[in-house]
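Biologist: I have the sequence and the coordinates open. Shall we go through the model together?
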Amino acid sequence: MSKSATGVAAGAPPTSARRIPLLLAGVALLALCAALSLALGARPVPLSTVADALFGGAQGKEALVVTGLRLPRTVVGLAVGAALGVAGAVAQGITRNPLAAPTTLGINAGAGFAVVVAIYALGLNQPVQYVWFAFAGAAGAMFFALLLARRSGDIEPVRLALGGTVLQLVLLSWTSAVMLASERTLDEARFWLAGSISERPLDVLYPVLPTLVLGLLVALAVTPALNALALGDDSAQALGVPVARIRLAGAVAVVLLAGSAVAVAGPIGFIGLAAPHLVRPLLGGDHRLLVPGCLIAGPLLLLAADVLGRVVIRPSELEVGIVSAFLGAPLLALLARRVAR
Amino acid sequence: MTSEQLAATEHRVPRDDASAPRRNELSTRGLDLRYGDRVIVDGLDLVLPGDAITAIVGPNACGKSTLLRGLTRLLAPAGGSVALDGTDIHRMPARALARRMGLLPQQPVTPEAITVEALVRLGRYPHQRLLSPWSTADQAAVDAALARTGTDVLREQPVDQLSGGQRQRAWIALALAQDTDLLLLDEPTTFLDLRHQLDVLDLVAELHAEAGRTVVMVLHDLGQAARYADHLVVLKDGQLAAAGAPADVLDAELVKSVFDVDCRVIPDPESGTPLVIPRHRPAGRRPPV
């Protein structure tokens, strides 16, 4: 009689007794990851030195590495991970599709295409210069995906996921075409396109802070409605949820968050997909817990992947986008098996 | 209510619950419902009496469920209007309407791993504000809905692991927690076996008799509709074929004209309400399908 929406659940039992310790454990784990992110790298720094550099005003080569390179990198990682995690949770909520994520909605591909075109046409060569092109590309792609999914004033979830995927493929091929046409563009863009939070000064983060905060607020505001939306459009509407408006607001939150993230770090996949799936078995499907949970799980995954990327091929490092894709692919396979079951 | 009065009340500024007289009477005027270019319900004038159980019946694809979608604002009319106690439902704020009218759709989506209580708690959505905490009134409504539907013992169980009958009762509990005077049910007995069909219908009767709820439901079984409903609405091809008390409207002639089935209508030996007995149809005399 009732269809089961796999992976998208809603509602919380009244007791939060089990959930508070879990959230605290998540925060503790995140703090540990942040500490490792400050300490580990091509030149490992003892945690005591890290503390000295941060709070004791210590000078010296190691302290400079920590405050000058790794602190911005960690802060950027926290912000980008949080944005991607929350964007994923909201994307899955508004589409009722467990495979929805910023990547599958075409956001990352849109940003990538815009940046590559900007590098090609305007001769840019610094990540700081890419920020607004990336954001505009992300917003443009999502807007186009929404247009594709529009039907009688509402966005149809299945069409959004399908349209976004098609759009993503088209944009990726255009991006390749531009890069093949210009070797300089290829050289400049390939590191950015891998998705990385290294060598991003905090100056890259500041311009997108307003959009990040706004996106997060909108995401938090629609969480109760997302719970009702999980019951299907008809039930949600009968409960007084303005379904079309909520879905649009959710889409705006996704654009603001994921657009900011890709503008800062380049396209990083799987964090947005994985974070909600990591949180749901622990905290349940209630979006009022899921979104804060992803606020922790997103940066946790991102920093863990980034730290891993720094230690596996030391003294060189792997871009976080590559590591997260490497770790995320098996997760996607597992997920697809569960959904198909 | 005369049509002049209807027209006069129609443009009243919609106000929240307290001030308007509440009879929970749904009415349509010239209601036109379409999917794209396909006309499903065509110029329907209808009054669904308040404080009663109304059953909407009719052959497949006659527009029963579409009408229910129109009555609950899930489908915007291409023409005409739907009014609740004289106020156009499309002029009411969504939350205000959701505090007056609850709906159990035909195929609701059950979120994965949600417990019965968590599901029922979602019924309180229209009563909550963004930052308002879960109140004792909310919890009381949820507890009452669970108790009334006999699902309180299942409250910690995941809904997707319940039997069909239990699941339907959990969904009805959600609609009850919404605490509306008016309840619309789209084929609440479909996919249930006889015992569970009767359980659901008895629950509906109880909700009307004891809790004073007005119920509008789409049903397939004419005998059940006649037995449980005070008012019967019979649709054919998106138009009204008959409306009134089951004993007044349900006869062999109507069944023949609406369902194209020859039958006898006899008093139900248990309840005295009309019971439709199809006539024997030997192989050679069946109408072509």
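Modeller: A definition to begin with: two residues are in contact if their C-beta atoms, placed from the backbone, lie within 7 Å. Please keep in mind that this is a predicted model.

Biologist: Which residues does Leu257(A) touch, leaving out those up to four places away in sequence?
Modeller: Leu257(A) is in contact with Ala83(A), Val86(A), Ala87(A), Leu212(A), Gly215(A), Leu216(A) and Ala219(A).

Biologist: And which residues have the most contacts inside the largest nonpolar core?
Modeller: Those are Val86(A) and Leu257(A), in a core of 191 residues. Domain 1 (3-100 + 183-196 + 213-261) and domain 2 (110-179) of chain B both contribute residues to this core, so it lies between them.

Biologist: Changing topic, how many helices and strands does chain A have?
Modeller: Chain A has 14 helices and 3 strands. Its radius of gyration is 20 Å, close to the 20 Å from the globule rule for 341 residues, so chain A is as compact as a globular protein of that length.

Biologist: What share of chain A is buried?
Modeller: Of its 341 residues, 57% count as buried. Among contacts in chain A with a separation of 6 or more, 77% join residues 24 or more positions apart.

Biologist: At what angle do α9(A) and α13(A) cross?
Modeller: The axes of α9(A), residues 209-229, and α13(A), residues 287-311, cross at roughly 140 degrees and come within 8 Å. That angle makes α9(A) oblique to α13(A).

Biologist: Which residues meet there?
Modeller: From α9(A), Ala219(A), Leu220(A), Thr223(A), Pro224(A), Leu226(A) and Asn227(A) meet His287(A), Arg288(A) and Val291(A) of α13(A). Ala219(A) is also one of the residues that Leu257(A) touches.

Definitions and conventions. Residues are numbered from 1 along each chain as its sequence is written. Chains are lettered from A and ligands numbered from 1 in the order in which they are written. This is a predicted model: local features need pLDDT of at least 70, side-chain atom pairs count only at pLDDT 80 or more; totals for chains, interfaces and linings use all residues. A nonpolar core is a set of buried Ala, Val, Leu, Ile, Met, Phe, Trp, Tyr and Cys residues joined through C-beta atoms within 7 Å. A residue is buried if 20 or more other C-beta atoms lie within 10 Å of its own, exposed if 12 or fewer, and partly exposed in between; C-beta atoms are placed from the backbone. Domain bounds come from an automatic or database domain assignment. Helices (H or I, at least four residues) and strands (E, at least two) are DSSP runs, numbered from the N terminus. The radius of gyration is taken over C-alpha atoms; the globule rule is 2.2 Å times the number of residues to the power 0.38. Axes are lines fitted to C-alpha atoms, for helices over the stretch in contact, and angles run from 0 to 180 degrees between N-to-C directions. Angles under 35 degrees count as roughly parallel, over 145 as roughly antiparallel, 65 to 115 as roughly perpendicular and the rest as oblique.
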